[in-house]
Structure formats: structure tokens, C-alpha cells
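Please read them with the structure open.

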Amino acid sequence: MRLKQYINMAVVAALAVGMTSCNDWLTDDTPGTNNRDEYFTSISTLENVTNACYVPLAWEYGDTYYSEWFFGDIASDDALKGGQGISDGGDAYDIDNFKVNTNNEIVLEYYRAQWQGIARCNLALDEIAKKKGDLTKAADLLEADRLEGEAHFMRAFYYFRLLRLYGGMPLIEEVIDSSSKWAQHRASVAETFDFIVRDLQQANRKLWLKSKYSPSDLGRATKGAAQAMLLKANLYYADYLENNNDVNGAQAKFQLAKAWGDSIMASGQYSLDKNFFTNFTLAGENDAESVFEIQYVEDPTSDYGEGEGFTRGTFTLILQRSRSSFWGQAGWGFDKPTENLYNEFEPGDPRRDSTILRPAYGQMETPAQEIYTGDSLLNRKYAMYTEDNGSCYHLTHDSRGPLNNKQIRYSDVLLMYAEACCEIGDLGQARSALNSVRARVGLKSFPYTAIIQGKTVTYADTQADLRAAIRHERRVELAMEGHRWFDLVRWGIAKETMDNYIAGESEEAKAQWGSFTKGKCELFPIPSKEIDLTGITQNPNY
């Protein structure tokens, strides 16, 4: 059975955790219940609990909507909140305008979803370690080893998500089965990076190449996914060290990032799709450009009122589609690309129209609701419009969109690799990786001259200009895929970029803008409810 069909395996993890008593004062087990050791008796149960590790990755809805693009797109200069109007989605409005407080429900729900994932990974790792000694078949031992690698990968993935939004995290490797274990202390950013890298190294040792997985297992973490995340984690780590004036430490991490990029590129497992738009179609799911993606399945059953633990499809489609029914099925109009992003694309770059839909006035049924602070643009990538914009995919239920979300594409790998090479002075390799991404869409090779933001920009063959060209390329290649905010923060240019961006925005958008405080707004607050539960310390200036 394909991993997409395991996306509702949350019940397995819930069952497994529920089998362990959290009440030490009870002397007898509750009648009709089992303990963990009675459940985890075979390789199939180990597979089930590992499958459950993936499930919180797909969650986008609990008491509110909290897809990662609320941060990665909307907090950045790539997108505005959108929706029916200013008052539609107050917590998203605060993220958009740097007015977030410690009671923001999006910040809370996203935080908790990642910890649910970590808890499931810890349960899986604990059970696999205990049961491996009981396995006698070589095939079962090989699979158990692979499952262990998947759990290490997923734990690292959840921790990475937490780290780049909230900073250093408590490092938990045990099953939290009692409220007496809730109190936790934060590790430093460096310690959290080290923890993530160790998990990913374990995953790399145990996982298989993508080509060794059967079609039924497409979507699982692979050796290539682990290597791509090692590239990414070391790149972020290097930026963190550089921003803290540890130049030598940063160079060492850039070197490691390059080495992991070399490994994934040498594997021969990945390539760029000939057609850029294929990445955002059902036909392009788990294909040659896909390194790791969140698996979704369509379902006619409503997810309203259910949320976490029941999600199988994605809410992103309906959230991001136009509020007009002109294309066949109206959506809610969130995550609206900015004019600033639109103008970042060079003339003739086909990615612009594959990323952004500019509706004509006659295609808007209610302009007052579809134009948000002067912005009428629509996000195309995950809204499932047809390639010619003639119509959109008809959802059998609003809450259960079928399109997977590509968390790591091979073009992202190439651009991260180009960045690492550039920073260590290997300009030839950096140029080559950058140009391969540009060649896919028929653009000139670096160095080049182009119109960007309405101005003629010339990138000369220097390290500084190559760095700028790579950053430009990341923005347009990965636009509206939830990367931009995190790139701005790790590069240490979030405040200056956002200040420059808002200076060119509409007067309506400026009127909503808050104040970006350097040293505060790069991270989001630890939710106050979590501080009350665990005693974890708050981020600076909140």
C-alpha cells in the first residue's frame, strides 16, 4: 500500500501511546487495555508506528489553519495574507504585519503539530530498538533498520521546522508518558543544530536510495532526502555561525554542505523536470525532481470539525484559490503574491506565469473581496489551475485536496549547493549549479544582465554578484513554496529587505504594517500556553 494511503495512521500512534499507563498510582491495568509490549510484536506493527511519524507533517488544521506558508510566504515580501478582507484571519494578519503576540493560534498549532511528530518518532525509535533483537529473518532486520532511519529523518525534520521558527529547542529522545516529564529546558541553537545533524547522519546510514523503493513505498524518506537535509541543515548552521561572527566555523559548515550536495548529485537519483509546471501537478508527484514531499490523498469526506489526526487531504488548495468561481470552483483567496514578487521575475521567465495568476477584472465576481490592500494576484502552484488557466481541478470536498506538497525539490538542492560553493570560493561549481536551474526555463547563464524590479541589473563574474544572483534565483524558482521568509532570516537581511519592500507597497498595505524589530521578529514567540505547561523560556523581546 502506497505511503499516501497511510496518511491517516495517526490512530496507530494514539493507540500505542494510550497503551502505556501515565498514572503511577494505579495498581491494576484498566480492564480491556493492552500495554505497549503486547502491541509491538511484529515487523508490521513497527511499520505502522513509523508510518504514524509522517502524519503530523500533513496537518494544516486544528483549532485554526496553520500551513507552513503562513510563515514562509506571508511573513515575507512574497505574499500578503489575503482572504475576504482585513478581518478575515486575524492571526494570519498579525503574522503578515509583524504584530504577533504569544497567544497567536497559528503559532501555537504549528508548534504543537511538530512536537506531536517528535513524540511519534521517539515512540517508533524506542520500539524498534527494543524489538530488533527479537527479529530473526534477514529481510525483517533490513526493514527494521530502514524504519529506524525513517524515524530519525522525521524527528530531524520536525526539529528543523521548530528551530528555524522558534530557535533552540528542548532535545527530547524519550517517550514522554507522564506529566512529570513535561518540564523541559531549551538547548542552544548550536546544540539543536548538532542534534538535527546527528539524526540525519543516522538516517543517511540506514535509508535506501530512492530507486530501491517499490512503487508502493513512494513518498518515504530516502537516503537522498537525508543527504538533502544534511546539505540544508549545514547551510543554515553556517549562516547562523556567520551571523554570529564565527567565520571559521561557518566555512567548515559550508564545506560540509557542499560535500552533502556532492553526494546527492553524484547518486544519479534526481533530475529537473523538463517542464517547470510539472512539479505542481498530480502527474509530477514523487517524480525525478521530488526529493521529499508531503503525501496527500483526495477524499469526499469532510474534515471540518475534525482536524488533526483525521487529515488526509490538503486545505491549501481551497485556502489559496481565488474567491471567484470563474475557474469553476471558488476558494478563500489567502496567500496572495505581491507585486514585488511579480516584478522580481525577468522578462520571458515562464516561471512567473506558472507561479502567479493575475486575474482580469472581469474574472473577479466580487472585487471588494478579491483585491486585498490593492493586491489581486493569485498563487498558482498549489491551487491546481490547469496549465492554460482555463479551469481548476474540481475538489470532491473543500478540505481534502489531493496535491502533494514538495518540501524539497532537486532545483532547491542545486541552488543550496550553488550557495555553499559560492561561500567557500568554488565559483565554477556554483555557476554550474545555478545555470542548470536557469537553463531549464531558457534563461541566460551567469554572468548576465536582465531587467529585475523594473531596473537593469548586471551580475558580473564576482563572488558578491554570484551570491546576489543565487539569492535572486532562489526567490523566483521557489516562490510561493514557503521558503522565502526562512531564507531572509538565515541570510541576516530580514529587516532591511522587509523595510525596503513595505516602502514600495500600496498605501492600503502600509496602513496595516507593524514595526519590524531586529533581534525579535526573526523568531516567533513560544506560545504562552506552552510556557504555562512546560516552563520553557520565551524568545527575546516578547
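1. A salt bridge here is a side-chain nitrogen of Lys or Arg within 4 Å of a carboxyl oxygen of Asp or Glu. The model is predicted. By this rule the count comes to 47 salt bridges. One network of salt bridges links Glu289, Glu346, Asp349, Arg351, Lys381, Arg409, Arg438, Arg440, Glu473, Glu477 and Glu481.

2. Arg351 and Glu477 form a salt bridge, with their closest N and O atoms 2.8 Å apart. Arg351 lies in helix H13 and Glu477 in helix H17, so the pair ties together parts that are 126 residues apart in sequence. Both Arg351 and Glu477 are buried.

3. Next, Arg490 and Asp239. Their side chains meet in a salt bridge at 2.6 Å, N to O. The pair links helix H18, which holds Arg490, to helix H9, which holds Asp239, 251 residues apart. Arg490 counts as buried at 5% relative accessibility. Asp239 is buried too, at 4%.

4. Arg155 forms a salt bridge with Asp199 at 2.7 Å between the closest N and O atoms. Arg155 sits in helix H7 and Asp199 in helix H8, 44 residues apart. Both are buried.

5. Last, the surface. Ile176, Trp182 and Leu533 make a nonpolar patch of about 260 Å². Ile176 is in the loop between helix H7 and helix H8. Ile176 is partly exposed, at 31% relative accessible area.

Technical notes. Residues are numbered from 1 along each chain as its sequence is written. This is a predicted model: local features need pLDDT of at least 70, side-chain atom pairs count only at pLDDT 80 or more; totals for chains, interfaces and linings use all residues. Side-chain values use heavy atoms; hydrogens and water are left out. Patches are made of residues with over 30% relative accessible area and no salt bridge: like charges are joined within 9 Å, nonpolar side chains (Val, Leu, Ile, Met, Phe, Trp, Tyr) within 5 Å. Accessible areas come from the Shrake-Rupley method with a 1.4 Å probe; for residues, only the protein chains shown count as cover. Helices (H or I, at least four residues) and strands (E, at least two) are DSSP runs, numbered from the N terminus. Buried means under 20% relative accessible area, exposed over 50%, partly exposed in between (1.4 Å probe, protein chains only).
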